[in-house]
Amino acid sequence: MLRRCFLTQWSAFRQASTTSAMLKENIPSNSGGGSNSMSFVIGSPRRALLYLPAHDIRKAQKASSLDADCVCLDLEDAVAMNRKEGARKSLIHVLQSIDFGQSDVAVRINSVSSGLASDDLRAIFESNVLPRTLVVPKVDIPADIEWLFEETAKLLKRFPREDQVSLKLLTQVESGLGLLNLQRVCEYDLSNNTASDVYEHEGVIFGGDDYAAAIGATRSTSNKELLYARQHVVATVKAYGLQAIDIVNIRFKDLDSLGLEAAEGIVVTAAGWMYVVYSGAAWGFDGKQVIHPDQVPVVQRCFSPTPEKLKWAMEILDAFYENQSEGRGAFNHNNHMIDMPTVLQCQNIYRLGVISGQTAPSRYPSSLKYDRA
């Protein structure tokens, strides 16, 4: 798959790690030519991942017009225990009858440990129309992914399809144990011994409220109690070329604090107190979970570059490729020395510009693969 091929390009940087050496034996080698141009893959944009109850058809119909990057039909937290079976039936109806346009349609099942996930998967694979993405919550150990792969294989034999089934996979880390095992979970789909023919692990969602409850932390407006965990999630997930999706802001009417939390900022209260909002986009998160339609445009704007920033990045990329063609590495641009770290930052900004529709992916075709299908 595209991400596995991409990972081979940076695996050389991790040779000092024993884990890296083990992974390199299992990741298919990239036998392409000797071009010096850098390429990276843009997965499905998920600047805003909007949850809605799988059984609420009215909310699903409204969500279809919101142009959210990802609409997640939820069978877990949004559905009471005594309505699970009814929600599964409604899910099939929603998948088969509502057109969500360009939005990535995801379904969140119940956790493997709940004992409910098997029935959730059965309902999904009974549908004539499949979601594009599956979200698995509370993934604490790699065995949870192993169970998913095996259960899916059984269901596909029971409900065979003419075409090969291919789904994107998002996992959620929501406990201390899940955080400690995150690297192993990220590695699981990379090994030829354990990889799935059905799923491609594309991202990790951090469930901040569940994580705080699991470790006994008290939630705060600043999110300071999640500082270590959020940074750990970003560092680990990005090391494996996956998307990192940030926490929910449950104060869905307070769009100002949402914008600060999604981007970056300092808040001064009416009483004169000042506190820092530990932000998502500035840290490297690719998107944020949302629970209300009004949150969608705010979050998607925060995870998109400003026109000025995009223009700056593209000017540097233009200069970079010109200097590369002339055999120069580091170069002077407007009295600033530009080297590879700056170029990589500009490529990330350009990637966000493509995702947000502000520029075409064809500007640097040798540097960008755009995966929207």
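Trainee: Where is Ile-291 found?

Mentor: Ile-291 sits in the loop between β11 (287-290) and α12 (295-302). Strands here are DSSP runs of E with at least two residues, helices are runs of H or I with at least four, and both are numbered from the N terminus. Keep in mind that this is a predicted model: local features need pLDDT of at least 70, side-chain atom pairs count only at pLDDT 80 or more, and totals for chains, interfaces and linings use all residues. Residues are numbered from 1 along each chain as its sequence is written, and side-chain values use heavy atoms, with hydrogens and water left out.

Trainee: Why is Ile-291 called partly exposed?

Mentor: Its relative accessible area is 36%. Buried means under 20%, exposed over 50%, and partly exposed is in between (1.4 Å probe, protein chains only). So Ile-291 counts as partly exposed.

Trainee: And what makes Phe-320 buried?

Mentor: Phe-320 has a relative accessible area of 4%, so it goes down as buried.

Trainee: How many aromatic pairs does the structure hold?

Mentor: Four. Rings of Phe, Tyr and Trp (its six-membered ring) pair if their centres lie within 6.5 Å; planes under 30 degrees apart are stacked, over 60 edge-to-face, the rest tilted.

Trainee: Why is the pair of Phe-320 and Tyr-321 called edge-to-face?

Mentor: The ring centres are 5.0 Å apart and the planes stand at 70°, so edge-to-face it is.

Trainee: Which residues form one aromatic cluster?

Mentor: Phe-149, Tyr-188 and Tyr-199. Phe-149 is also one of the buried residues of α6.
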